[in-house]
Amino acid sequence: MFSLPYIAQQLVNGLTLGSIYALVAIGLSIVYGILRLINFAHGDLLMVGAYLALALLLNTALPLGAAVLLPMIIVGGVGVLVERLAYRPLRGAPEVAMLITSLAVSSVIQNGTIMTLSAQPRAFRLPQELIAQQKLGVVSFSTLDAVSVALAVFLMVLLTLFVTRTRVGIAMRACAENLRAARLMGININQVIAYAFAIGSALAAAAGFMWAGRFGSIEPFMGFLPGLKAFVAAVIGGIGSIPGAMLGGYLLGFAEIFFVGFLPPELSGYRDAFVFTLLLLVLLIRPRGLLATGAEREG
Amino acid sequence: MSKNALFYLALLTGLVFLAQSMLNDYYQRILSVVFINIILTVSLNLTNGFVGDFSLGHAAFMSIGAYLSAVLTLPPASKASMMPQLPMWLSQLEVPFVLATILGGLLAALVAAVVGIPVLRLRGHYLAVATLGLMVIVRVVAINWTAVTRGAKGINGLPAFTNLWWVFGWALVTVYVIWRLVNSSYGRAMIAIREDATAAAARGVNVTAHRMLAFCVGAFFAGIAGALWGHLITAITPHSFSFLITFNVVVMLVVGGMGSISGSILGATVMTLVPEFLRHVETNLSLGGHPLYGLSQIIIAVTITLVMIFRRQGLLGGREVQLPRLFDRQRALPRARVDTAG
């Protein structure tokens, strides 16, 4: 019924979408691992990254790499700033206080964008060479897809090296395992948390570029759905675990593409519903996710 | 019912009567929205304030209640033209408003139970994401199930049944039911779960069952509020019940103070009237010719952040306001109070 090339094509699509989810999920997972905070503002940083990239593409003659890298740096800074202003004053408060604050931060970022740039969607046009279709054997993909996957993999390798080889990275994993014990061992947790937000936000900005390039238009509320889906990905992989977030991101990407690609077309409108039904199933069957860490404390 | 309760009930009823006969349509509508928001906030308080879980599902439950009640109350004639694909028995059906509202609430509670089974066994955090996911699911179904929901067009021309008396009556029912629930053994178990779930379980409290009860009762009243809202605005679309509604209810809850019913009433009232006022300011405000849409929402969000940082317990700090006792001279003994400031 489904030809091999068709299946291969769906795999490629799943890989592209999964790369985006994985990048967003990593940021959510790192922050959750350390602070037990579901950062609802994370998706909005993806949106900010997309807007910055568009501004750079339209108004400057900078090379394309800069249109990805500069937003990553700026949004990383924004993430640190948000943590400093909104979350750090709540250190030691009940977890729900930070959750509510993250909702408020999300609202501020969205409405700030509406206020300064209007709620109208904008076309996100990429240079011609990125849209060009490539053929590799039986599958076809745009250059953007290839670049997205390569960039995502590169960033994830970099991140893995960072958390396994550097002092701050190792401290970060220690904090995720047990924040109090890490502090007692003399780890500067404020510094570690700032790093976590910087890294997570920068990855979200990179994902924002890919997401915007994929869908061709951006608007102030665009971050909501990828942010929420990335959380599903993080839960599937085992929240708090960085490899888990990567795995969960790709699994979710494949699952979503396969749902649309292999089931009757009448169902394809239900793809977002499918993702969250999947979340409920995962919570029912394996609530700690696939690569559960010891991090998920009860109570 | 005590003399005091009767007196205050009569007073409120009188005030609503006055409002209904003296205020113009605009103010009556705002007042109706205040009552709907009271229903929403008080019912969300049960999950978020008393049990300590964090549900963000109110928009989804409202949507369910609004859609079901709309399909039930629309006269068969308009159903025949608007939704020709509806099954025969459903398109012939025309249910009284009060019954349609209750059925809307029951369906919302049923959906809450289905979501609650996987999620409420876990610690509260997953509930926030799962209920937001539910909102997306409900919206996607509303967009795609065109035979019943008319898809993205939505359902319009709902009979405008909702008036001040309905919303007032339902607000009374909500407050009464939740107040009785919270002050029963169920409510004490819920508060125990919030303070320490492990300890509560060790003392024999069925943690999951109580969380489930709170979540479903909350969803029931959210469904009621959705039905009332639909028949107030008379049109619903899949995007009527967005994240913004949920967020605003959370704001009302937090401003009033989680874990206090009178706080919820106060928070709902203040945070309905203030944004309404800000909206007027916002539309007339500009910065060098640049309109400032979104400013009021930013002000609300910043306020809520400041509340979280500086007065986490909200206006009432988990305490209840006692109305002065007017009739029995004999002062009641000071009642033991569970400290809910947590």
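This is a predicted model: local features need pLDDT of at least 70, side-chain atom pairs count only at pLDDT 80 or more; totals for chains, interfaces and linings use all residues.

**Exercise 1. Describe how helices α10 and α12 of chain A pack.**

Solution. Two packed helices are described by the angle between their axes and the distance between the axes.

- Step 1: Find the helices. In chain A, α10 covers residues 224-237 and α12 covers residues 271-285.
- Step 2: Take the two values. The angle is about 30° and the axes are 10 Å apart. Angles under 35 degrees count as roughly parallel, so α10(A) is roughly parallel to α12(A).
- Step 3: Look at the side chains. From α10(A) come residues including Leu225(A), Leu228(A) and Val232(A), and they meet a set in α12(A) that includes Val275(A), Phe276(A) and Leu279(A). By class, this contact between α10(A) and α12(A) has 11 nonpolar, no polar and two charged residues.

**Exercise 2. Which way do α6 and α9 of chain A run relative to each other, parallel or antiparallel?**

Solution. 

- Step 1: The axes of α6(A), residues 143-165, and α9(A), residues 189-215, come within 10 Å and cross at roughly 170°.
- Step 2: Angles over 145 degrees count as roughly antiparallel, therefore α6(A) and α9(A) are roughly antiparallel to each other.
- Step 3: Among the contacting residues are Leu151(A), Leu155(A) and Phe162(A) of α6(A), along with Ile199(A), Leu203(A) and Phe209(A) of α9(A). The contact of α6(A) with α9(A) divides into 12 nonpolar, two polar and two charged residues.

**Exercise 3. Classify the packing of α2 and α14 of chain B.**

Solution. 

- Step 1: The axes of α2(B) and α14(B), residues 261-283, come within 8 Å, and the crossing is at roughly 135°.
- Step 2: That angle makes α2(B) oblique to α14(B), and the crossing is right-handed.
- Step 3: α2(B) contributes residues such as Asn37(B), Thr41(B) and Asn45(B), while α14(B) contributes, among others, Ser264(B), Thr269(B) and Glu276(B).

**Exercise 4. Is Thr174(B) buried or exposed?** **Then describe what surrounds Thr174(B).**

Solution. 

- Step 1: Locate Thr174(B), which lies in helix α9 of chain B.
- Step 2: Buried means under 20% relative accessible area. Thr174(B) has 1% relative accessibility, so Thr174(B) counts as buried.
- Step 3: Leaving out residues up to four places away in sequence, Thr174(B) touches Ile39(B), Val42(B) and Phe221(B).
- Step 4: Check the polar side-chain atom. A polar atom of the Thr174(B) side chain lies 2.6 Å from the backbone oxygen of Trp170(B).

**Exercise 5. Find what caps the N-terminal end of α10 in chain B, and what its buried residues pack against.**

Solution. 

- Step 1: The cap is Ser184(B), with a side-chain oxygen 3.2 Å from the backbone nitrogen of Tyr186(B).
- Step 2: α10(B) spans residues 185-195, and its buried residues include Met190(B), Ile191(B) and Arg194(B).
- Step 3: The buried residues of α10(B) pack against α2, α9, α11 and α12 of chain B.

**Exercise 6. Describe the setting of Pro71(A).**

Solution. 

- Step 1: Pro71(A) is found in helix α3 of chain A, residues 64-87.
- Step 2: Its relative accessible area is 1%, so Pro71(A) is buried.
- Step 3: Beyond its neighbours within four places in sequence, the contacts of Pro71(A) include Leu52(A), Leu56(A) and Ala205(A).

Technical notes. Residues are numbered from 1 along each chain as its sequence is written. Chains are lettered from A and ligands numbered from 1 in the order in which they are written. Side-chain values use heavy atoms; hydrogens and water are left out. Axes are lines fitted to C-alpha atoms, for helices over the stretch in contact, and angles run from 0 to 180 degrees between N-to-C directions. Helices (H or I, at least four residues) and strands (E, at least two) are DSSP runs, numbered from the N terminus. Angles under 35 degrees count as roughly parallel, over 145 as roughly antiparallel, 65 to 115 as roughly perpendicular and the rest as oblique. Contact means heavy atoms within 4.5 Å. Ala, Val, Leu, Ile, Met, Phe, Trp, Tyr, Cys and Pro count as nonpolar, Asp, Glu, Lys and Arg as charged, and the others, Gly among them, as polar. Buried means under 20% relative accessible area, exposed over 50%, partly exposed in between (1.4 Å probe, protein chains only). A polar contact is a pair of N or O atoms within 3.5 Å; within protein, one must be able to donate a hydrogen and the other to accept it, and residues adjacent in sequence count only if both atoms are side-chain atoms. A crossing is left-handed if the near helix is turned anticlockwise from the far one by less than a right angle, and right-handed if clockwise.
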